[in-house]
Amino acid sequence: MEHYGEQTASGFLHVAPESKEPYAPDVLAKLAEDAAAIVARYPVKRSALLPMLHLVQSVDGYIAGRGVTFCADTLGLSEAEVSGVATFYTQYKRHPNGDYTVGVCTNTLCAIMGGDQIWDTVSEHLDLGHDETTTDGKITLERVECNAACDFAPVVMVNWEFYDNQTPESTVALVDDLRSGAPVKPTRGPNRQCTFKEMSRVLAGFPDGLADEGVGAGPASLIGLEVAHEHDWRAPRPQSAGELMAPEHETVTLKDERTIKTEVAAESLAQARVADTKAGE
Ligand code: FES
């Protein structure tokens, strides 16, 4: 089933026939138990597809053919419908994934802050291109888009945990530690790095108890707030409820003849009408 390092672009969507091998009875029983807990969260069971895909990925390490079949059978969907969703989102892997997905942000800000150099160095060090996996099955390397952590650029993620302010050297050390099994701790977030399967189980909705560990917002995210405090800057005071609520009640009739009642501030309404009039001039 494993073919690390042999992926080709055309092979990425290929699900090997052996991935249809049935689950062992004990694995299937646990999957069914977990799936029942997931499905119970939704009024319509097909809505549970995304966490279900994470669940089967937490067992197989990717979306294997048998995982697709299990999701389809559990949720009353066709395998085509399940595959259509699984191939849409990049968090779902259609070929065996490494224990650690190392994502190098090469979006604009990280790129100019050194992300491109990190990518080039690590890609050469591991001899991997995008979405390829080391032959030991430890690391899958990805280019990733903005991780919403630009204040810590350049950023690298491992299974979507943050490694801030990286350099080519620090990232090479990071992947070497991950491959050797040395303890690795994200810059922010939990105190240990989880594996791809562990992370997938959390995304399926089964907490690992690590959510409250470590720093969430780091100093770079809070510096604007500190400057505001130093200068006693404040956001504009929101209008009070009394100012917002109008004495006047307006009834708005929609085209489909459903009627809704809405309370509209008379002054705001007048301002909007003036603005509309000006825009139309
Ligand atoms: S550009 Fe890299 S985190 Fe935003």
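A residue is termed buried if 20 or more other C-beta atoms lie within 10 Å of its own, exposed if 12 or fewer do, and partly exposed in between, with C-beta atoms placed from the backbone. The structure is a predicted model, in which local features need pLDDT of at least 70 and side-chain atom pairs count only at pLDDT 80 or more, whereas totals for chains, interfaces and linings use all residues. Residues are numbered from 1 along each chain as its sequence is written.

Of the 281 residues in the chain, 30% are buried. The secondary structure amounts to ten helices and seven strands, where helices (H or I, at least four residues) and strands (E, at least two) are DSSP runs numbered from the N terminus. Two residues are taken to be in contact if their C-beta atoms, placed from the backbone, lie within 7 Å. Among contacts in the chain with a separation of 6 or more, 61% join residues 24 or more positions apart.

In soluble globular proteins, nonpolar side chains tend to be buried together. A nonpolar core is here a set of buried Ala, Val, Leu, Ile, Met, Phe, Trp, Tyr and Cys residues joined through C-beta atoms within 7 Å. The largest such core comprises 27 residues, and those with the most contacts inside it are Val102, Val104, Val122, Ile139, Val155, Val156 and Val175. At least two residues of this core come from each of β1 (100-105), α5 (108-126), β3 (139-144), β4 (156-158), β5 (161-163), α6 (168-180) and α7 (196-203). Helix α5 provides the largest share, five residues. Apart from this core lies another, of 21 residues, which includes Leu31, Leu53, Leu55 and Ala64.

Individual residues illustrate these contacts. Leaving aside neighbours within four places in sequence, Val156 is in contact with Val102, Gly103, Val104, Cys105, Ile118, Tyr163, Gln166, Thr171 and Leu174. Leu178 is located in helix α6 and is buried, with 21 other C-beta atoms within 10 Å. Beyond its neighbours within four places in sequence, Leu178 is in contact with Tyr100, Lys138, Ile139, Val158 and Val184. Its C-alpha lies 9.9 Å from that of Thr195, at a sequence distance of 17 residues.

Ile38, in helix α1 (residues 25-39), is likewise buried, with 22 other C-beta atoms within 10 Å. When neighbours within four places in sequence are left aside, the contacts of Ile38 are Ala48, Pro51, Met52, Leu55, Ala204 and Gly205. The C-alpha atoms of Ile38 and Leu49 are separated by 9.2 Å, the two residues being eleven apart along the chain.

Helix α2 is mostly covered, eleven of its twelve residues being buried. These are Leu49, Pro51, Met52, Leu53, His54, Leu55, Val56, Gln57, Ser58, Val59 and Asp60, and they pack against α1, α3, α4 (79-86) and α7. The expected span of a helix is 1.5 Å times one less than its number of residues. For α2 this gives 16 Å, in agreement with the 16 Å between its end C-alpha atoms. Gly61, which follows α2, has a positive phi near 85°.

Two packed helices are described by the angle between their axes and the distance between the axes. The axes of α2 (residues 49-60) and α3 (residues 65-75) come within 10 Å and cross at roughly 145°; axes are lines fitted to C-alpha atoms, for helices over the stretch in contact, and angles run from 0 to 180 degrees between N-to-C directions. The contact involves Leu49, Met52, Leu53, Val56, Gln57 and Asp60 of α2 together with Gly67, Phe70, Cys71, Thr74 and Leu75 of α3.

Helix α8 (residues 219-230) also has twelve residues, and its first and last C-alpha atoms are 15 Å apart, close to the expected 16 Å. The number of its residues that are buried is zero, so α8 lies largely in the open.

Most residues other than glycine have a negative phi, and most peptide bonds are trans. Asp232, in the loop between α8 and α9 (241-244), has a positive phi of about 55° although it is not a glycine. With 6 C-beta neighbours inside 10 Å, Asp232 counts as exposed. Asn165, in the loop between β5 and α6, has a positive phi near 50° and counts as partly exposed, with 17 C-beta neighbours inside 10 Å. The peptide bond from Ala153 to Pro154 is cis, with omega near 0°, and Pro154 is placed in the loop between β3 and β4.
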